[in-house]
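Q: I have a chain open here and would like to talk through how it is put together. Can we start once it is on screen?

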Amino acid sequence: MSLTIEEIAMTIVGNAGEARSLAFEALREAKEGNYDKAKECLDQAKERSLAAHEMQTELICNEADGNGIEMNLLMVHAQDHLMTSILARELIEEMIALYKRLDK
């Protein structure tokens, strides 16, 4: 069964949103010195990012094969969510590294 553009977009949004939430949870844990829990949250955030990114990659491959989709505001919104959640996770990883360094 093939997914609709709306289902694809919402899958990306859902996974990206979960990734962002987990990354910020990791930051909160790191602030409390709970680095193992922070790592756990970041690992889960990476899994959710990967799930969203795989969906995006499939769209890109389809586009390259000449089977592109018509872009709409919902898909632009999904792409925005994905990219900002990846950026948030990457920045939070750096912030946690700084917390660890300051704790030494």
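A: The buried residues of helix 2 are Tyr35, Ala38, Cys41, Leu42, Ala45, Ser49, Ala52, Met55, Gln56 and Leu59. Bear in mind that this is a predicted model.

Q: What do the buried residues of helix 2 pack against?

A: They pack against helix 1 and helix 3.

Q: How many residues does helix 2 have, and what does it reach from end to end?

A: Helix 2 has 30 residues, and its first and last C-alpha atoms are 42 Å apart. That is close to the 44 Å expected at 1.5 Å a residue.

Q: And what follows helix 2?

A: Gly66 follows helix 2, and its phi is positive, near 90°.

Q: Back up a bit. What is the overall secondary structure of the chain?

A: The protein chain has 3 helices and 0 strands. Reading from the N terminus, the order is α-α-α.

Q: What box do the C-alpha atoms fill?

A: Roughly 55 × 20 × 20 Å, taken along the principal axes.

Q: How much of the chain counts as buried?

A: Of its 104 residues, 33% count as buried.

Q: What share of the contacts comes from residues 24 or more positions apart?

A: Such pairs make up 78% of the contacts with a separation of 6 or more.

Q: OK, helix packing. How do helix 2 and helix 3 cross?

A: Helix 2 covers residues 35-64 and helix 3 covers residues 73-103; their axes come within 10 Å and cross at roughly 155°. That makes helix 2 roughly antiparallel to helix 3, because the angle is over 145 degrees. Helix 2 passes helix 3 in a left-handed crossing.

Q: Which residues make that contact?

A: From helix 2, Tyr35, Ala38, Leu42, Ala45, Lys46, Ser49, Ala52, His53, Gln56 and Leu59. From helix 3, Met75, Gln79, Leu82, Met83, Ile86, Arg89, Ile92, Glu93, Ile96, Tyr99, Lys100 and Asp103. By class, the contact of helix 2 with helix 3 has 13 nonpolar, 4 polar and 5 charged residues.

Q: Ile86 is on that list. Is Ile86 buried or exposed?

A: Ile86 sits in helix 3. It counts as buried because its relative accessibility is 14%, under the 20% cut-off.

Q: How far is Ile86 from Arg48?

A: Their C-alpha atoms are separated by 10 Å, with the two residues 38 apart along the chain.

Q: Now helix 1 against helix 2. At what angle do they cross?

A: Roughly 160°, with the axes coming within 8 Å. Helix 1 and helix 2 are therefore roughly antiparallel to each other. The crossing of helix 1 and helix 2 is left-handed. Their contact divides into 17 nonpolar, 5 polar and 5 charged residues.

Q: And at what angle do helix 1 and helix 3 pack?

A: About 15°, with their axes 8 Å apart. Helix 1 and helix 3 are therefore roughly parallel to each other. Helix 1 passes helix 3 in a left-handed crossing. By class, that contact has 22 nonpolar, 4 polar and 4 charged residues.

Q: What are the numbers for helix 1 itself?

A: Helix 1 has 27 residues and reaches 39 Å from its first C-alpha to its last, close to the 39 Å expected at 1.5 Å a residue. Gly33 follows helix 1, with a positive phi near 85°.

Q: What is Asn15 in contact with?

A: Leaving aside neighbours within four places in sequence, Asn15 is in contact with Arg48, Ala51 and Ala52. Ala52 is also one of the buried residues of helix 2.

Q: Last one. Where does Arg20 lie?

A: Arg20 lies in helix 1, which covers residues 5-31. Arg20 is partly exposed, with a relative accessible area of 42%.

Q: How far is Arg20 from His77?

A: The C-alpha atoms of Arg20 and His77 are separated by 15 Å, and the residues are 57 apart along the chain.

Note on methods:
Residues numbered from 1 in each chain as written. Predicted model: local features only at pLDDT ≥ 70, side-chain atom pairs only at ≥ 80, totals over all residues. Heavy atoms only, no water. Helix = DSSP H or I, 4+ residues; strand = E, 2+ residues; numbered from the N terminus. Buried < 20%, exposed > 50% of the residue type's maximum accessible area, 1.4 Å probe, protein only. Axes fitted to C-alpha atoms, helices over the stretch in contact; angles between N-to-C directions. Parallel < 35°, antiparallel > 145°, perpendicular 65-115°, else oblique. Left-handed = near helix turned anticlockwise from the far one by under 90°. Contact = heavy atoms within 4.5 Å. Nonpolar A, V, L, I, M, F, W, Y, C, P; charged D, E, K, R; others polar. Expected span 1.5 Å × (residues − 1).
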